[in-house]
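Hello,

Here is the structure I promised to pass on to you.

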Amino acid sequence: MQDGGNIVVISGLLIGLAYGAVGLLSGFCLLSGLRGWWADGDSRLIRTYALALGVAIAVVQLLAARGLVDLGKSIYLQPSFSAPLMFVGGLLFGYGMVLANGCGSRALVLLGRGNLRSFVVVIVLGIAAQMTLKGLIAPPRIALLQASQIAPKVISLPALLSTLGLGETFARTLAASAIAGALIIFAFAHAPFQRSLGQVAAGIAVGVLVAAGWFATGYLGADDFNPTAVTSLTFIAPIADTVQYAMLSTGLTLNFGIAMVAGVFGGSLATALATRRFHWEGFTSPRHMLRSIGGAALMGAGGAMAYGCSIGQGLTGVSTLALASFVAAGGILLGSAAGLRGVLRVQPLVSTQDAPSGPLT
């Protein structure tokens, strides 16, 4: 592996280690935030997520404006995309997240804490994602993609503003400032969140880690002779690649995503052991296991169609201000809402042992 590739892999591992520790200590999770906000009236976790997104947008757009990262090389800013496929994929992922009681990143964090249910979720998610990307489900996915994809004249929010006569730099600054500012104001417009210093630190840390991923792959790993994918924190394809790498490592190459997945697990495990939070957990019933498997399969397939998850699209994708990412994120939010409220609401299990840990104050 070339020096640039080594730097990217090492960066992925370090970023994953940090994310695993932060995720375990803070309970960082979109689903936990939505559930706490809508069901319990505790909005601290969703404000942590909003703060992370606001910080990510601000820092990532600053990196792009200074020419340190070419976001146009990422999967989020491609010249064509299928809005229907990404939206439906987001819906499936969001509903599956409720069924499995957490997204792929949260499952990795809980696995490091000794949650064996999360092991099943991670494996099934990885298999379903690989089937959708390259396996049995890939042909219908590709057919739907080709039938519904469009090549719009503008593919990002700054580009959309530029059509109004604004300069490229000003349009980027205006879009990033407006969205990041609104998210940060929303996060801090709540006295309990202001007092939850642990949650404030977690939101800032996750946002910075998203930017760090872009910097590592887009700047530190930039090599015309040995190009690497320009990306950051995302978990659907990386989990699928990690499962495949575990089986066929001699025929594959380590990359940022695989190292990052390993890092998240390792960071969570080390933190759990150091803070004495490690304890074994399992399924309470066959129904519980079936629900988790079904949710993981929906997340894997849906995330593959949407090109990301609640982190990969919700944070990393939206940080690029790509219009496609807003479509996917909207689907994820609506899918989650369907699972938490309304006629399709997923009924809670009697046992609460798989509930995510509360916010760190």
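Below is what turned up, starting with the pocket and ending with the core.

Please keep in mind that this is a predicted model.

The largest pocket holds about 800 Å³ of space. Its lining counts 37 residues, and those closest to the centre are Ile-75, Ala-229, Thr-231, Ala-237 and Asp-241. Helices H1 (3-26), H12, H13, H14 and H16 (323-340) each supply at least two lining residues. Which helix gives the most to this lining? That is H12, with four residues.

H12 deserves a look of its own. This helix covers residues 236-248, 13 residues in all, and reaches 18 Å from its first C-alpha to its last, close to the 18 Å expected. Its buried residues are Ile-236, Pro-238, Ile-239, Ala-240 and Val-243. What covers them includes helices H4 (83-100), H5 (104-112), H6 (116-133), H13 (256-274) and H14 (286-306).

Now to the core. The largest nonpolar core has 76 residues, and the ones with the most contacts inside it are Tyr-19, Ile-57, Leu-233, Phe-235, Ile-311 and Leu-315. Helix H3 (residues 44-65) gives the most to this core, with 10 residues.

Enjoy exploring!

Best wishes

Key: Residues numbered from 1 in each chain as written. Predicted model: local features only at pLDDT ≥ 70, side-chain atom pairs only at ≥ 80, totals over all residues. Heavy atoms only, no water. Expected span 1.5 Å × (residues − 1). Buried < 20%, exposed > 50% of the residue type's maximum accessible area, 1.4 Å probe, protein only. Contact = heavy atoms within 4.5 Å. 1 Å grid on protein atoms, 1.4 Å probe; cavity = no way out; pocket = protein on both sides within 12 Å on 5 of 7 lines; lining within 4 Å. Points joined across faces, edges and corners; volume = space filled by probe spheres on them. Core = buried A, V, L, I, M, F, W, Y, C linked by side-chain atoms within 4.5 Å.
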